[in-house]
Amino acid sequence: PDQDEAAETSVQQQHESTWNVEEPLYCWAITRMSLRLGPFVPLFASAGVLLAGNGMQATLIAIRADAEGFTTTEIGMMGTAYFLGFIIACLFTTSLIRRAGHTRVFGAFAAIAAICSLVMALLVDPWVWIGARLITGFCFSAVLTVAESWLNEKAESGDRARIFSVYRLVDLSFVTCSQLLLPVIGTGGFVAFAVMAIAFCAAVVPVSLSRSPAPAIPESSKIDVLKLWKVSPVAFVGCFTIGMTNSAFRTMGPVYARDVGLDVSQVAYFMTAGIIGAAVAQYPFGWLSDRIDRRWTLIAATSGAVGAGVFLSFFGDIGPNFAYAGIFMFGAFALPLYSLSAAHANDFAHPGEYVEISIAIILTFSAGALFGPAIVSVVIENYGSKGFFLYTSACHAILILFVLYRMTRRAVVPADQRSPFIALLRTSPAIFRLGRNGAGSTKPSD
């Protein structure tokens with residue numbers, strides 16, 4: 001740290017002494033930020049490759065399972081199994097890190113995830129794939145917890161918001177690229193599964209070879225899912241509902257896209273449009289929710305999700321452009337609801353409760369995600385692809401009614417007492433600490 005500070009001071013003095021109109025001041029800002037981000041590059045590289053592999057797997061197995069003749073219910077059970085594994089990992093990852101250390105846990109579970117990908121290629125059986133997805137969910141939660149806790153440990157309070165923003169950019173970029181890679185390598189045969197296994201293995205390399213010391217061993221945190229209900233019923237119902245709808249989109253979205261006539265390339269574009277819609281809309285909704293009653297923003301976004309679901313139900317099969325437009329709107333309105341619900345919960349949390357609340361949020365979301373894919377699979381089998389987004393619209397409509405009811409029972413939080421909005425795309429419990437300046441603080445120092 002002393003060497004880094006000395007190097008940064010030297011660069012600053014050099015720029016201040018030689019600054020002229022041909023070298024604007026922002027050059028110094030870029031150089032300074034480069035020094036700040038340098039130690040995080042291995043972590044960003046590992047997390048990005050890992051997220052890309054997992055994003056590709058979610059889309060690939062839905063397309064491939066449908067082509068292999070798996071029933072819609074079996075495909076839905078794969079999504080349920082993934083989130084069951086995710087929940088189990090939330091309960092045990094801290095103990096594993098305390099036992100073996102961050103680097104060993106990261107390497108071990110990335111390797112297991114790669115093994116699961118290869119097993120699915122070798123054994124095309126629905127029950128094998130369901131089991132593999134359960135193990136993959138556990139692995140993905142564990143390795144992301146390691147990576148994100150590492151980021152949290154290394155980030156200084158003044159840089160946390162910027163580090164978090166770069167991490168979100170890495171997430172979006174790598175997942176989007178992985179979706180667009182599918183049409184290139186194809187979904188048949190062994191190649192796509194091999195590419196996923198390579199990605200999971202490659203994610204181990206930057207972290208393993210990094211000179212950065214491992215973060216401190218985490219302390220065990222109390223797990224109390226009902227804590228979220230006690231702090232904010234709106235956030236509890238919101239996270240559970242969003243788990244039911246967003247997990248259905250990630251698991252069964254490719255199946256819907258194939259049912260409405262899209263080919264493999266178009267399915268990849270379809271899923272990408274939803275992800276991009278979410279990224280584009282996160283910040284406008286966040287900006288608005290920081291300035292008005294956050295519940296009105298939640299209602300506005302949820303209403304848009306209802307409209308997008310209805311549009312996809314009745315017009316998504318007209319042509320690819322209608323499907324792309326509909327899923328872009330769905331992503332823009334539905335996927336930011338998770339971040340809005342989390343921010344609303346933090347508005348009512350007290351110092352010392354933030355870690356418990358963060359764990360409760362992810363577990364509540366994951367509990368909803370257990371049911372979403374299974375319910376949607378039954379809906380599609382009985383009512384066809386149009387029933388998919390009618391289901392999501394019904395869930396979102398119920399959420400609107402509940403939020404309106406709660407607005408009659410609880411006053412709005414004053415603007416100067418609200419926690420700042422933090423956009424979340426996918427996460428482990430560790431990521432909630434990235435936006436903190438320390439235990440119990442949610443106000444960014446910059």
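Analyst: The secondary structure of the protein consists of 17 helices and zero strands. Helices here are DSSP runs of H or I with at least four residues, strands are runs of E with at least two, and both are numbered from the N terminus. The model is predicted, and accordingly local features need pLDDT of at least 70 and side-chain atom pairs count only at pLDDT 80 or more, whereas totals for chains, interfaces and linings use all residues. Residues are numbered from 1 along each chain as its sequence is written, and side-chain values use heavy atoms, with hydrogens and water left out.

Helix H11 covers residues 233-259, a run of 27 residues. Its first and last C-alpha atoms are 37 Å apart, close to the 39 Å expected at 1.5 Å a residue; the expected span is 1.5 Å times one less than the number of residues. Along this run, H11 bends by about 60° at methionine 252, and proline 254 follows within four residues. A bend is the angle between axes fitted to the seven residues ending at a position and the seven starting there. After the helix comes glycine 261, with a positive phi near 100°.

H11 is largely enclosed by the rest of the structure, because 24 of its 27 residues are buried. Buried means under 20% relative accessible area, exposed means over 50%, and partly exposed lies in between, with a 1.4 Å probe and protein chains only. Threonine 245 belongs to H11 and is buried, at a relative accessible area of 0%. Leaving aside neighbours within four places in sequence, threonine 245 is in contact with Thr392, Cys395 and His396, where contact means heavy atoms within 4.5 Å. Threonine 245 also lies 7.5 Å from alanine 369, C-alpha to C-alpha, although 124 residues separate the two in sequence.

Helix H4 (residues 72-100) can be examined in the same way. At 1.5 Å a residue, its 29 residues should span 42 Å, and the 39 Å between its end C-alpha atoms agrees with that. H4 bends by about 45° at phenylalanine 92. Glycine 101 follows H4, and its phi is positive, near 95°.

Methionine 78 falls among residues 72-100 of H4, and its C-alpha is 4.7 Å from that of isoleucine 130, 52 residues away along the chain. Isoleucine 130 sits in helix H6 (residues 126-154) and counts as buried, at 10% relative accessibility. Not counting residues up to four places away in sequence, isoleucine 130 touches Glu74, Met77, Met78 and Ala81.

Alanine 349 lies between helix H15 (337-348) and helix H16 (354-383), and is buried, with a relative accessible area of 8%. Over the whole protein, 85% of contacts between residues at least 6 apart in sequence join residues at least 24 apart.

Of the 446 residues, 56% count as buried. The protein exposes about 18300 Å², of which carbon and sulfur atoms supply 65%; such areas come from the Shrake-Rupley method with a 1.4 Å probe, and for residues only the protein chains shown count as cover. Trp287, Leu288, Ile292, Trp296, Leu401 and Leu404 make a nonpolar surface patch of about 590 Å². Helix H12 (264-289) and helix H17 (386-407) are the elements that give two or more residues to this patch. A patch is made of residues with over 30% relative accessible area and no salt bridge, joining like charges within 9 Å or nonpolar side chains (Val, Leu, Ile, Met, Phe, Trp, Tyr) within 5 Å. Tryptophan 296, from helix H13 (residues 294-315), is partly exposed at 47%.

Two salt bridges are present, each defined as a side-chain nitrogen of Lys or Arg within 4 Å of a carboxyl oxygen of Asp or Glu. Side chains of opposite charge can pair when their charged atoms come close. Arginine 295 meets aspartate 293 at 3.1 Å, N to O, and both residues are buried. Glutamate 68 meets arginine 64 at 2.9 Å, N to O; glutamate 68 is partly exposed at 36% relative accessibility, whereas arginine 64 is buried at 9%.
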